[in-house]
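Good morning, colleagues. I would ask you to keep the sequence and the model in view while I speak.

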Amino acid sequence: MIKALFFDFYGTIVYEDGVVIDEITTIISNTGNGADKSAIGSYWWKIFQELFMNSFGRSFKTQKELEIKSLEMTLKKFESNASANELSQKMFEH
């Protein structure tokens with residue numbers, strides 16, 4: 001029995017993203033320096049938070065732009081040759 005539905009501020013139904021986050025951090029670990037997936041996830045989240053906390057007024061960027069930028073920074077940090085755009089697409093498809 002469904003007790004509740006959650007919608008994000010775009011009006012889309014919210015669905016937990018743990019599975020796709022695990023997939024993305026695995027890809028980054030496997031194509032980069034082999035860092036622990038939890039370290040990758042923590043760093044990515046920290047960078048994403050910093051970006052969105054500073055995205056307002058003239059500095060506003062869409063969530064998609066911030067997602068790609070945070071992925072680019074994470075890929076660089078963990079020396080991964082994966083594509084930020086391809087990883088972002090996995091998030092979008094999820």
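Let me begin with a term: a helix here is a DSSP run of H or I with at least four residues, and helices are numbered from the N terminus. Please also bear in mind that the model before us is predicted.

The protein chain contains 4 helices and 0 strands, and along the sequence the pattern reads α-α-α-α. Of its 94 residues, 29% count as buried. The accessible surface amounts to about 6900 Å², and carbon and sulfur atoms account for 57% of that surface. As for contacts between residues at least 6 apart in sequence, 54% of them join residues at least 24 apart.

I turn now to helix H1, where Ser 29 is placed. Is Ser 29 buried or exposed? Its relative accessible area is 12%, and since buried means under 20%, Ser 29 is counted as buried. Leaving out residues up to four places away in sequence, Ser 29 touches Gly 34, Ala 35, Lys 37 and Ile 40.

Ile 40 brings us to helix H2, where it is one of the buried residues, together with Gly 41, Tyr 43, Trp 44, Ile 47 and Phe 48. Where do these residues lie around the helix? Viewed down the axis of H2, the buried residues fall within an arc of 165°, so they line one face of the helix. They pack against three partners, namely helix H1 (18-31), helix H3 (63-77) and helix H4 (84-93).

The length of H2 may also be checked.

H2 covers residues 37-53, and Phe 52 lies within it. Phe 52 has a relative accessible area of 32% and is therefore partly exposed. Along with Trp 45 and Met 53, Phe 52 makes a nonpolar surface patch of about 340 Å².

Neighbours within four places in sequence aside, Thr 74 is in contact with Ile 28, Ile 40, Tyr 43 and Trp 44. Of these, Ile 40, Tyr 43 and Trp 44 are among the buried residues of H2.

Met 73 is also found in H3, but Met 73 is partly exposed, at a relative accessible area of 28%. With residues up to four places away in sequence again set aside, Met 73 touches Tyr 43, Ile 47 and Leu 51. The C-alpha atom of Met 73 is separated by 9.1 Å from that of Ala 84, which is 11 residues away along the chain.

Finally, I would draw attention to the loop between H3 and H4, where Glu 79 is placed. Glu 79 is exposed, with a relative accessible area of 58%.

To close, I return to H2: its buried residues line one face, and they pack against H1, H3 and H4. Thank you for your attention.

Note on methods:
Residues are numbered from 1 along each chain as its sequence is written. This is a predicted model: local features need pLDDT of at least 70, side-chain atom pairs count only at pLDDT 80 or more; totals for chains, interfaces and linings use all residues. Side-chain values use heavy atoms; hydrogens and water are left out. Patches are made of residues with over 30% relative accessible area and no salt bridge: like charges are joined within 9 Å, nonpolar side chains (Val, Leu, Ile, Met, Phe, Trp, Tyr) within 5 Å. Accessible areas come from the Shrake-Rupley method with a 1.4 Å probe; for residues, only the protein chains shown count as cover. A salt bridge is a side-chain nitrogen of Lys or Arg within 4 Å of a carboxyl oxygen of Asp or Glu. Helices (H or I, at least four residues) and strands (E, at least two) are DSSP runs, numbered from the N terminus. Buried means under 20% relative accessible area, exposed over 50%, partly exposed in between (1.4 Å probe, protein chains only). The arc is that of the directions from the helix axis to the C-beta atoms. Contact means heavy atoms within 4.5 Å.
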